[in-house]
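Here are some questions and answers on how one chain is put together. Have the sequence and the coordinates open while reading.

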Amino acid sequence: MMKNILVVVLASVFSLGVIAQQPRSDATYEQIIKEYTLNEDGSMDFHYYKKIELNTHYSFNRLYGETFIVYDPNYQELKINKAIVTQKDGKVVPSPENAFNEVLPRFAANAPYFNHLREMVVTHAGLELEAVIELDYTIHTKNGFYPEFMADNLITESSPIMEKIISIKVPANKNLHYRVFNLRTGPEILESEGFKEYKFTFKGIKEMSHEYYQPHNQNHLPRLVFSTYNLSEAQQFLSNQEALNYKVDKDMQDALSEIKEDSVDMRSRILKIQKLVTDEINTYKVPPVYSRYLARHPIDVWKSNGGTPFEKSILLVTLFREAGIHAEPLAIIPTNLCDENIGCLDQISKYYVQVNPYDDKQMILSPTETTEQNLIYSLTGHTMLELNPSKLNVFANTENYENQVSMTGEMILDSNMKFTGNVELTIFEKANPHYKIIEDSSHVKKLIGGGLSKEDIKSFELINCAQVRSSIKYNFEKKDSLRNQSNYFFFDLPNCKNGTENWHINYLNPNRDTEFEIPFPVSEHYDFTIMLPEDIKLVNPAENIEVISDFGEVIISIVQEENAIVVKRMLRVSTNTVPVSSFADFKEMLDIWNDKKYRELILKK
Amino acid sequence: MAPRSDQEYAIITKEEIIFTPLVVSNIFKRAMSHLYFKTDLEERKYNFRDRCTMHVQLYETIALPDSVSVEYIPAITDMSGTGASFKGYFTIEDNKLKVGANLKFKKRIYKPDDWGSFREAVASQNRMANEPVILRIESEN
C-alpha cells in the first residue's frame, strides 16, 4: 500500500471548546521490590518483584508484554516464583509453560566467549487494558562470581512508580558504602540474626522523560549506588587483574613491526596502533556486570579478534607498551556520581587509554572508536581512574574548554555574481580535528560549510597545526554564479562544520521538563567583509541583534556600508547543561542563531 | 505547532516580501526518505531502493496583503515516469496564493530506468523548498 503524506494548512483557526484530558501514563508500577542479600558464605541473592498496571495498548504491545532476565547459568540460578496477570474482571491468568523461553542475549551475539550467557524471556499472557502483571523471581549467585557486593540502581523507570523498595542485606560485620543521588531519602536500618538490612522506600516516583538532549549518563536522575568496596579498592581490583601484565605474542609483534615501518613519526604510529584496535578488533558490547568486571588476557583478546571495551583498552595499552610508548588504561566515571567512599564498578561509563609519548603531549584515546581529537576535551565533568596498581591516580577534569571557532573573510562579488576571496579559520580544542588534519591535511577542506564547499576551495595553507589550535587560510572561487530569481540573488554565509553545526540542533520545543545537555560548549565568531558591484543592494540587513544571558550570548549584525557588506555573527555558550529555568533564554538565543534570514544574504540588482 | 508570526514567516522590507510556503519548505522531511537521495547522479547502473512507496500531497493557501504583485514564483513542470510523478502549482486568485504538489513514488525497489523520473520528482520538490516566493509591494503612488 502506498504511504500517504498529506500536509495542509488550514486558514481557519478553531477555538477548542473542550480541553482534552491529560493522557495517562502507559502503565503504572504499583510496587517494585529489589532485595539484595550478601550471604555469610559470600554467595548473593537478588529478589525482584513488580506489580504493574497497564493503561494503554502500547504498554503491552511494545513496552511490558515481556520481561527479560539475563543471567550466567554457570554461576547463577534463576527461579521464577510468580508470573501472573490479573485481568480487569479479576480473572487470574498464570503464565503457561511455554511463556518461559531462554535465548542468547543480543549483546552476546557474535561474541563467542560470552555465548554461555542466557536471557530468560518471560511472556505475560492474557494482557488487556487495566490488566495487572505480577512477576517475582530470585537469582542466586555462587560465591566468587562477583568480586564484591555492589549495584547502581536508577530509581526512575519508564512509567511512574507508586512505591519502590530497595533492600540491601549484608552480614553485620561487613561495611556497606551507599549513597542516594539526586534525592533525599535515607534508609531504615534493621539488624537481625547477624545481618544488617538497609531498607530504602521511595514513593511517588515520576516516569522518565523522553525529551531529547538529556544528560547522556542519566546523572540528573535519582539513583541509589552501593558497594562493599570503596573507590580505591574497586580501582585496585581492576588494576590487579592478570590481563594487565601486558604480554604479547609474535603475531602482535609482527603487526607492530608493520606499523613501525609505515609510520613517519611517533604521533602517526600511535594513531595507527589505535586504528588497528578500533577497526580490526571487534567490540563486544557486553555490560561489565555480565563479564564479572574481568578482562581476558590481551593475547586471548587478539586471537579471538574481539573484546569488551575494558579488554580492548588493555590490549591497546599492551601494544603501545610493546612499541615503547608509555600508556595506561583509564576507567571513566561522571564526576557528579563519583564518591571516593563507594566503589561501584557499574558506574564506569567508559574505558579509555592515556598515552604519554616522551616527546609529545599526553593523549586520551578510545579503544573502541577513532576520534579526530584528544578525548581530554570531551571529558569535562568526568573523573579518570588510572589502572596501575603501583600508582592509583584519580584525576577529575574540571577544565571548561571554550572550543573557539573563529572565521574571518574578505570576499568579492564580481559583476557576473561570482564569489572569490580569502577566509581564515582558527579552531580550538574540541572543535579542532587535530588527528584528522595530521593524518591528511586536505581534511581542512571538509571543515567549511554553508555557501562554500570543498569544491570551491582553490588552495589552502595550514598556518598552525597543534593539538590546542589549528589555523587555516583558504583561497576560494565559486564556480557557479549565485542563484538568480528575477534579479534577486541568494548566498548562504560560510560556516565551520565543527562548531554549532556539529550539534545538529535545528529546532527546540518551547516546553522543557528536564535539563538540557549541550553537546559541547562553544564560542563561535564569524566576521566577513563582502565587496559588491555598484548596483547591488542588500535586502535583508540585521542591525545589532544582541541577547545576553548567564550562560552565553548571541550577537548578529549584517549591514551594508556603501559597496561593502559587513557581517558579524557571534554565539558563545559557556556551559554544558542548561537548567529548565533558563531553557527559554537558551532557546531564544539558539533560534536567533539558527534563523535562516541571518545565515543568508539576499541581494538585489 | 505554534502559529508563526509574519516576521518569522517572511522577510518583509518596504519593497518586497520573500518567503517559502510552510508546507513546501520540506517540513517533516524525516517522513519523506526520498528527499535524502542525492540527485547529482545522472544515471544508475543498478537497482536502488527507498523505504516504501509514497504518495505526498502538499497544499497551502496564503492570504496576501493588498497591493502586492508576484515578482517571482518557482517554475515547476509536471512530469510522470515509471519511477515517480510530480504535479505542482503556484497560483494567485482573489489575493490568495495557492501552492500545491502531488508526488507519487511508485516503487520500493526501483530499476535503473526509473532513476530519471525519480530524480526529477525529488528535484522538483526540492526546488519548491529552495526557491522562495518573492512578492513586490506596489507603492501607493
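Two residues are in contact if their C-beta atoms, placed from the backbone, lie within 7 Å. The model is predicted.

Q: How many residues of domain 1 of chain A are in contact with domain 2 of chain A?
A: Chain A is divided into domain 1 (27-228), domain 2 (236-397) and domain 3 (404-604). The centres of domain 1 and domain 2 of chain A, taken over C-alpha atoms, are separated by 32 Å. On the domain 2 side 24 residues take part, and on the domain 1 side the number is 25.

Q: Which strand supplies the largest share of the side of domain 1 of chain A that touches domain 2 of chain A?
A: At least two residues of that side come from each of β10 (150-154), β12 (177-181) and β15 (223-227) of chain A. The largest share is 4 residues, and the strand that supplies them is β12(A).

Q: How many residues of the side of domain 1 of chain A that touches domain 2 of chain A are nonpolar?
A: The residues of this side divide into three classes.

Q: Is α3(A) parallel or oblique to α4(A), and why?
A: Helix α3 (residues 250-262) and helix α4 (residues 266-280) of chain A pack with their axes 9 Å apart, at an angle of about 140°. Angles over 145 degrees count as roughly antiparallel and those from 65 to 115 as roughly perpendicular; under 35 they are roughly parallel, and the rest are oblique. The angle of about 140° therefore makes the relation of α3(A) to α4(A) oblique.

Q: How many charged residues are in the contact of α3(A) with α4(A)?
A: From α3(A) come A:Ala255, A:Ile259, A:Lys260 and A:Asp262, and from α4(A) come A:Arg269, A:Lys272, A:Ile273 and A:Leu276. By class, the contact has no polar residues and 4 nonpolar ones, and the charged residues number 4.

Q: Which residue of β8(A) is the bridge partner of A:Thr67?
A: β4(A) pairs with strand β8 (residues 118-123) of chain A in the antiparallel sense, over 6 bridges. In β8(A), the partner of A:Thr67 is A:Val122.

Conventions: Residues are numbered from 1 along each chain as its sequence is written. Chains are lettered from A and ligands numbered from 1 in the order in which they are written. This is a predicted model: local features need pLDDT of at least 70, side-chain atom pairs count only at pLDDT 80 or more; totals for chains, interfaces and linings use all residues. Axes are lines fitted to C-alpha atoms, for helices over the stretch in contact, and angles run from 0 to 180 degrees between N-to-C directions. Ala, Val, Leu, Ile, Met, Phe, Trp, Tyr, Cys and Pro count as nonpolar, Asp, Glu, Lys and Arg as charged, and the others, Gly among them, as polar. Two strands pair if DSSP finds at least two bridges between them. Domain bounds come from an automatic or database domain assignment.
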